[in-house]
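This report describes a two-chain model, chain by chain and then at the contact. Terms are given with their cut-offs where they come up.

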Amino acid sequence: MGEPVGGGTDIAITLTVNGVVRRAEVPGRRLLSDCLRHDLGLTGTHVGCEHGVCGCCTVLLDGEPVRSCLMFAVTADGHAVTTVEGLAGPGGELSPVQRAFAECHGLQCGFCTPGFLCVVTALLRENPVPTEEEVLEGVSGNLCRCTGYQNILRSVRRAAEIMAEER
Amino acid sequence: MKPPPFDYHSPRSVGEALEILAATGRDGKVLAGGQSLIPMLNMRLAAPGHVVDINRLTELAAVTVGPDGVRTGALARHAQVERSGPVAAAQPLLRRALRLVAHPAIRNRGTVVGSLVHADPAAELPAVLTLLGGSVRLARRGAVRDVPAARFFTGPLESAAEPDELAVSALFPALPPRSGTAFHEVARRHGDYALAGVAARVRLDDDLRVAAAEVVCVNAGPVPELVDVTGDCGHRAPGTADWGAAARAVRDRIDPEADIHASAAYRRHLAGVLAERALRDAATEAAGG
């Protein structure tokens, strides 16, 4: 890949998305968010502002939350991506974070939810018993225009409880 | 919003990256974390003909801590530097400032050196580099130079890096003994660019009196500038130094601009309040608690 690849030329990339090896041919300027949605058909990742403010497009890159609208698909070549479609168990059973959001009404319209679910999944994996402040800091980069956030914060605390019970 | 088309380069070594930058000249743009560049591309505020993606140059991801300070490579992510215990021990101001940079998901991708080269006067890291008297290492084909912070930031979003140069690392010097730092800012929302912010450094002499007191304000002019208030606060112990006079001196010497978020007068007021707080905290830390 040392040779330049022109704007009109597609580049072959390989991503491991939700544990499955996926290949795509994309122009250099293809955002990871658009690659996931348009090239790979995974429309669970939502696109809001496309400049890194809203957090709707957040996915996990090698396990860490990142904005998929602020990354080119070609840069993700060879890396592992987890989207909201990859959070549920193999049999389709909802993850503790997903169950908590459903139980605590942590979503209304659902547009921001994929981003929140990815961020909270990573937050609780790294820090299973976060303080109030750590929860606030953890979700501070994601916007929700429906819930007023209180039920999202409850959902995070509930998810931590469910995970503790199931350990 | 989609980025304009460009030729994509993915060099596998620093040498190869420098060859590409030499060939593309002004039409080339380096992509590291992309947390500032990609929004600018998405909004079509930038349209480089060539994007040189340095994300495969893992040799640039190193963060080294030595007696002279902390050296962060061009691929060291904000989060990586923020979480490092040795970095926090050698230069605590870095972690304090990094926690004020955007949000965790942005810090997972954004790079420290990228924030410096982006040279946004509203950003925290250019202020930190300026306060500490750090430098940025620029490489071009066959040559390397270290540019001190005072000469690195040349204007809003403009740095001394030439089109054929790659910023390979930055040095944040360690603090001398009996020194302390602090970083305070006010933002409308957590993670936003600050309306005003102040990084402060205070050094005490052997008698534990203030020997040096300096601040750099965020969003207070076209480039981060060191404001020396040593003479204003008096050669006294931290508890009796005139931090109010130092804050007034800061207000008088900065040149903030008005915009939709705040008037220049309000920014000046905030900078004074934050300077006093930051100087007091830095002096307390310098005195050992």
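## Chain B: overall form

Chain B holds 12 helices and 14 strands, where helices (H or I, at least four residues) and strands (E, at least two) are DSSP runs numbered from the N terminus. Its radius of gyration is 19 Å, close to the 19 Å that the globule rule gives for 289 residues, so chain B is as compact as a globular protein of that length. That radius is taken over C-alpha atoms, and the rule is 2.2 Å times the number of residues to the power 0.38.

This is a predicted model, in which local features need pLDDT of at least 70 and side-chain atom pairs count only at pLDDT 80 or more, while totals for chains, interfaces and linings use all residues. Residues are numbered from 1 along each chain as its sequence is written, and chains are lettered from A and ligands numbered from 1 in the order in which they are written.

The table sets the two chains side by side.

| Chain | Span of the C-alpha trace along its principal axes | Buried residues |
|---|---|---|
| Chain A | about 50 × 30 × 25 Å | 47% of 167 residues |
| Chain B | about 60 × 45 × 30 Å | 54% of 289 residues |

A residue is buried if 20 or more other C-beta atoms lie within 10 Å of its own, exposed if 12 or fewer, and partly exposed in between, with C-beta atoms placed from the backbone. Two residues are in contact if their C-beta atoms, placed in that way, lie within 7 Å. Among contacts in chain B between residues at least 6 apart in sequence, 63% join residues at least 24 apart.

Leaving aside residues up to four places away in sequence, B:Leu279 touches B:Ala200, B:Val202, B:Ala213, B:Val215, B:Trp243 and B:Ala246.

Strand β13 (residues 210–218) of chain B has seven of its nine residues buried, so it is largely enclosed by the rest of the structure. Eight bridges join β13(B) to strand β12 (residues 196–204) of chain B, and the two run antiparallel; strands pair if DSSP finds at least two bridges between them. B:Arg201 stands opposite B:Glu214 in β13(B). The two strands form a hairpin with five residues between them, and B:Leu208 in the turn has a positive phi of about 60°. Strand β14 (residues 226–228) of chain B is also antiparallel to β13(B), with three bridges. Here B:Val215 has B:Val227 in β14(B) as its bridge partner.

Strand β10 (residues 166–173) of chain B has seven of its eight residues buried, so it too is largely enclosed by the rest of the structure. Strand β5 (residues 69–73) of chain B is joined to β10(B) by five bridges, antiparallel, with B:Gly69 opposite B:Pro173. Strand β6 (residues 135–140) of chain B pairs with β10(B) in the antiparallel sense, over five bridges, and B:Ser135 has B:Leu171 as its bridge partner there.

## Chain A

Chain A has five helices and five strands, in the pattern β-β-α-β-β-β-α-α-α-α along the sequence. The five strands form an open sheet with mixed pairing, in the order β2-β1-β5-β3-β4. β2 and β4 of chain A stand at the edges with a single partner strand each, so one side of each is left without a neighbour in the sheet.

Strand β3 (residues 58–61) of chain A and β4(A) run antiparallel and are joined by four bridges; A:Val59 has A:Val66 in β4(A) as its bridge partner.

In helix α1 (residues 32–39) of chain A, the residues A:Leu32, A:Ser33, A:Asp34, A:Cys35 and A:Leu36 are buried. β2 (20–26) of chain A is among the elements that cover them. A:Gly41, with a positive phi near 70°, follows α1(A).

## The contact between the chains

The contact takes 28 residues from chain A and 30 residues from chain B. On the side of chain A that touches chain B, strand β4 (residues 64–67) of chain A gives the most, with four residues.
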